[in-house]
Amino acid sequence: MNRRIILRASVAIVSCTLGLAILMAASRATSESATAPSAKSAPAPPAAAESSCESLSTFASPHTTITSAQNVAAGAFTPPQANPAGAQAQSPFKGAPEFCRVAATLKPSHDSDIKIEVWMPPKASWNGKLKSVGNGGWAGTINYAELANALSQGYAAANTDTGHTSKPGEGPDFAVGHPEKLIDFSYRALHEMTSTAKLLVAAYYAKNPTRSYYAGCSTGGRQGLTAVQRFPNDYDGVLNGDPNNDVVRVQGMQVWTAKISHGDPSAYIPPEKYVVIHQAVLQQCDALDGVKDGLIEDPTRCHFDPQVLECKGPDAPSCLTPAQVKVVREIYAGPIDERTGKSMAPGLMPGSELGWAMLSGPKPGGLPLAADTFGTLVYQNPHWDYLAFDPARDFEAARNSIVGKMMNAVNSDLRPFFAHGGKLLMYHGWNDPAISPLMSVQYYESVVETVGGESKSTGSIRLFMLPGMNHCRGGDGPDTFDGIGAVDRWVETGKPPDRIVASHIKDGVADRTRPLCPYPQVAHYVGSGSTDDAASFACSTP
Ligand SMILES: [Ca+2]
């Protein structure tokens, strides 16, 4: 696996000079954005009359080229072959209504090549609002599935490939020698897309969108937090899940977790043992919340010590060797500076064990993304070896690199976004095996502190933690909820969501519902009624 990563990284051969050029572009971009005036796109003067879809092919705007504008009949859209198989498998297109599909290319810099699509339902079925959707991984494709979902919800919808074209699994090689493309990926493409989408909506309907929302998870979560931090006037409401916004610490934790799992063969934990560890965790912590249901409502109260699983005799499938016990402890604890003992980033939570193959399994799917961040972007070294990862040295290097200076979105001062009524609804799965859920907790708490305490923040930002949910979706916990609906009601009424009902879907049927509660509240069983029914639970502070 190590060899595989080195081979992948070797595609990108970057000289030190080139790296310096990227760094300089990064710092220039950062300072430009810091001093730039409010990014609010001037309200477009709507056209006097609605436009036909085809007439949008002559739509004119600076550095914008419309490549296609045509009506698509209900259910008739077929995504291109290049779209990730997962998006096609969901088949959200068959139920999509007819729409006007506009594709455009934006070139805000000489090296930009930002593809965007804006999908607009007929005026009679349009809810009057724009919903932008985010991407995953290194992006590089249009997220057709989420465009179709937004369309089916009544929104005009927008998405961008973030300025480069990638096949699934490709890393950040697009950025090598192309600092402007890394700026586009980091924050510019989404902002440019948003401005252009608003103009296209105004031209098509002869009416500005009454509200503009954004929804995204993982990389999409980073994109959403980037928007509220850098371009606070772009959106009225943002739905933000499992964000990779602190790329330095998230991907540092990922690389480090893979290193401790694979560096010492005697400490490697066969995936069959994940179940053993998970069962031991549940045995100790499931009932702490008053309901034995396979879910840990508040894993921060679960202080599981894997010592209880240490083999009494030789290694066996049902126990852990002392070296494995140590690795399990470290996975929960997260990376530390080995010299000072200082925590560099939070680890994974008790309850997440069934997903540990993501970083600790034989072919950790989450590792290439993180390893490319360090190998290609931080060190520009095709021979960079994740097994030599040193938290103290490598977190610092990442923070001082283009990753920290340009991709990171950790500014906790959201007052400009809140000042115009912007609402930020964050969520994170407690069982996320890729991005520590405590990253969202820490960012949320930093915003609360920065804006002056909970009384100042509670009307503008809320965090909902999902017990038993994996990365963005899936897992034993309820993971299906109307997040954008909650954002919309919040923006329209000014009343923040006090609970959101989520469902666990099995074979197309909801077999369990549970309220999600605004952090730090958790759901408590009221003592009567089905424990699979949200009505039997109340939100309260522990
Ligand atoms: Ca429980």
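Strand S2 (residues 99-106) pairs with strand S3 (residues 114-120) in the antiparallel sense, over 7 bridges. Within this pair, Val102 stands opposite Val118 in S3. Keep in mind as you look around that this is a predicted model.

Now step back to the whole sheet. It's an open one, built from 9 strands in the order S1-S2-S3-S5-S4-S6-S7-S8-S9, with mixed pairing. At the edges you'll find strand S1 (64-72) and strand S9 (461-466); each has a single partner strand, so one side of each is left without a neighbour in the sheet. On average, and ignoring direction, neighbouring strands here are turned by 15 degrees against each other.

Next, the helices on the sheet. Helix H6 (residues 219-230) lies across strand S6 (211-217), strand S7 (237-241) and strand S8 (423-429), and runs at about 140 degrees to S6. Helix H17 (residues 483-493) packs on the sheet too, touching strand S4 (129-133), S6, S7, S8 and S9, and its direction makes about 145 degrees with that of S6.

Then there's helix H7 (residues 247-262). Of its 16 residues, 15 are buried, so H7 is largely enclosed by the rest of the structure. Its length checks out as well: at 1.5 Å a residue it should span 22 Å, and its end C-alpha atoms are 22 Å apart.

Technical notes:
Residues are numbered from 1 along each chain as its sequence is written. This is a predicted model: local features need pLDDT of at least 70, side-chain atom pairs count only at pLDDT 80 or more; totals for chains, interfaces and linings use all residues. Side-chain values use heavy atoms; hydrogens and water are left out. Helices (H or I, at least four residues) and strands (E, at least two) are DSSP runs, numbered from the N terminus. The expected span of a helix is 1.5 Å times one less than its number of residues. Buried means under 20% relative accessible area, exposed over 50%, partly exposed in between (1.4 Å probe, protein chains only). Two strands pair if DSSP finds at least two bridges between them. Axes are lines fitted to C-alpha atoms, for helices over the stretch in contact, and angles run from 0 to 180 degrees between N-to-C directions. Contact means heavy atoms within 4.5 Å.
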